[in-house]
Amino acid sequence: MKLYKKEGNALQILSFPNETVEKGDYLLVEDAEAGRGLIVQVIDAQFASIPGVLEELLRSLPDGGELIQGEDVDPLEIAPHITYIQDASLLICKIRASIENENLSPTSSWLPSRSQSTIKKLPLPALLKLAKIDGKLPIVLGGTKDSSLLAIDASSLDGRLNIITGKKETGKSHLSKLLMVNLIGYKATVVVFDLNGEYLSLGMTGDGKRNAYYDKIHVLTPSQNFKLALKQLNLHVLLGILVHALHLPGTSAREFRRIWQALKERDALTLHELGETIRNWNCNQHVRDALFSRYHALVNSGFFTDNVAEATLLEDCLLKAKEEGSGIIINLRNTSAIDRQIVVEYVLGKLVDSLTGWKLKAVFLFAEEAHLYLRETYWDDIVTRMRHFGIFTTFITNQPDTIRENIYRQADNIFLFNFTNEHDLDVVSRAARVDAETVRSIARDLPPHHCLVLGRVVRDFPMVAKVKALDVKTMGETRLFFKDSN
Amino acid sequence: MHSLKPVQTQPFQLNQQNFQQINGFEESTQAFRLRLEPIPLKPIRQESIVAAVDTSTIKIGETSQGIVIAVRGADVWKQNRAYRYVRLGPFVFHITDENKKEVYDALERSYFNYSQEHNHQGAPNFLQMPSRIASLLERWIQTMLSKTMNKGLILFDGSLTSGTPDTPTQRLKDILSTARRRGNIVLAFSKMTNLRVNGHVITDLLPRAAPPYLLETEGLRLKPPMVLLGDVYVARLTRGNCAFRLDIDKEVLPEIRIEATEKLLGNDLLSQSYPETLRLAHILCTFTANEVLAMQHFVTRRYGLQIVNRPDMHRLLFGPFGKGESYS
């Protein structure tokens, strides 16, 4: 390989056919005389602009597009040299770091010698060692192209905002399950908003047996094994539901506060009493109507109960999780949009409560297709305020444009699966931790189950890994009409 | 400047290619005439093999003693509506003033079995060596074709002028007679000519007749030792303004010559009056820049030669006004 050109932080390297380099590979450009080197990543491979190649191709197709048949008598065997030159490729690389005495720095201001530099492939294990991508809490994501394992440190997800994105059926949920079970394994508390019931069998192996996480996975299905009694609720949590999920106006909310205080003083915080009190409350008719409609929404959700024995305390699950770590799966499958918002509003409010009161240290929140249940103002909350409380969110989506641009800008880690759509790639490339060209070029060619890992977990050295298989029961499969006939 | 006066207001062609070396020796005399009555041609579709030969040479680089050149030849033929080819080479030679005679004699011996004492021409001068070696290869391929084909059409690139340094008369005579014995007809197309009638190049003097047709010439005499072994025609074989000088073996009867041209029309594709087989032969033997790089790679790898880029003296001395040396 030969150094050809440098433009900004992009390097162009001439590579010959016997040097097998592919997109995503790392190269070390070493200038022995200067005692320095550059670590660059191949983001694209093009044909080198060799003079005369067009003529070469044209003359092999002169007969109306059909290849002209013939024999070449080439006693000096020059043909392999022609092929060698013709197949030379130009590697478009991005400078990731410079290296001096095994110390990395992110600068690219230095220019290595074009004539004296040597260029060789940098195996991923060597790069992982140089970049110190290891740690005490490894999570093996999968294998890399050169048959080594890519392990990230669980602590690099701690306090971070993560995004898992890619088009359908590329392995996003699989990776999020992998991260979750590993975090649970390290005694972390993980809460999942499970929109399609994909995580319900996380405690089961593929053949339906209990796995190591069985006891640590708690599935809460609203209105089934996840119900609330009004008595167990804090007013501000319920007000949060009424105002944010059910859009109760401010005046009505004030009236509701008075009703709540009155019921509480009488120790009569039940759904029945609440309904009766609203009916008889001395207030404006419009306010009463507004309160009644929200009351019925609460009742119809089936999420609330007057039977305290029937109610499940999320707080209890969280407290249990605090000691040994566990995964709390909030099953939002078969839940209507309004009910989903009620449940999410409650869970988030409760988490903030528990974290504010230091009942919990921190929670890893996994949110699938969050735009379907997260209210507008929560996006900013999650990346700013809630992070300080200790809610560390991972968004999982196949529609990257449903996540706001500022979330991408502030994302610490992005796990990117294949995208072919230009618009999707455009959106993801707004992430602050990587250049747009890398995202566009590498993500477009990722095979299924291969993930481009960007951000802090890989110390800003984008790496591709094939996400390892996980022995958990697959759920959330798409229902098919022709399944049996296939 | 007075020399420009007679041609003022006349069309003026830019970027005219160099005349072929052979044409420099040919001079049209007062007796030379072009008969403007066209000989109309009708394509004969009776199956005939059409074969063509061309060679090319290129300088790959320079060493302290001489030059490194490459030569390649191509033989293309059309049979059963399909084109096929055999490409010979590239053959790479290191030519120096010291070895040029040895190299040339060795090639001539191996190609034509001529002993040194029969070679009256001697080794060419250093600068002519690339084209002379290419010419040797071309004549050898033509010889092989004339010996192996039957009742076909053999297309040459150039004229049937002999007695020049690179085409001894006997050698061309042998090729033509071998071809005749096996029922082959040799048609030689010249891309450029400087044969003129009344000051005009013969391929510019086209009558207003519908192609395809031939125009006959007469009275062309060459200075000894040059001998013309063909009769010269102007061939306009397709619509458009292109016409070429066509030399056809003198020893072949005139009606057979016309029939051969008609067979060419019926058996080969023609574009701009030029046969596709010959065009392919030219394309296949020509070196591309990519191949030059590959051969430079080959000589450096195989023989450890260092390619030296000599400074371009034109550029060096005249800066932007220096046009640079051309390496074709």
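How many bridges join strand β5 of chain A to β4(B)? Here are my notes, with that one answered in point 2.

1. Ground rules. This is a predicted model, where local features need pLDDT of at least 70, side-chain atom pairs count only at pLDDT 80 or more, and totals for chains, interfaces and linings use all residues. Residues are numbered from 1 along each chain as its sequence is written, while chains are lettered from A and ligands numbered from 1 in the order in which they are written.

2. Five bridges join β5 (residues 69-73) of chain A to β4(B), and the two run parallel. (Strands here are DSSP runs of E, at least two residues; helices are H or I runs of at least four, and both are numbered from the N terminus. Strands pair if DSSP finds at least two bridges between them.) Look for Asp72(A): its bridge partner in β4(B) is Arg87(B).

3. The contact as a whole. Chain B puts in 22 residues and chain A puts in 22 residues; contact means C-beta atoms, placed from the backbone, within 7 Å. On the side of chain B that touches chain A, β4(B) gives the largest share, 10 residues. By class, that side has 16 nonpolar, three polar and three charged residues. (Nonpolar covers Ala, Val, Leu, Ile, Met, Phe, Trp, Tyr, Cys and Pro; charged covers Asp, Glu, Lys and Arg; the others, Gly among them, are polar.)

4. Pro225(B) sits in the loop between β10 (213-218) and β11 (227-228) of chain B.

5. Positive phi in chain A. Lys132(A) isn't a glycine, yet its phi is positive, about 55 degrees. You'll find Lys132(A) in the loop between α3 (124-130) and β9 (138-143). Is Lys132(A) buried or exposed? Lys132(A) is exposed, with 10 other C-beta atoms within 10 Å. (Buried means 20 or more other C-beta atoms within 10 Å, exposed 12 or fewer, partly exposed in between.) Asp460(A) also has a positive phi, near 65 degrees. Asp460(A) is in the loop between β20 (450-455) and β21 (463-467) of chain A, and counts as partly exposed with 14 C-beta neighbours inside 10 Å.

Note on methods:
Two residues are in contact if their C-beta atoms, placed from the backbone, lie within 7 Å.
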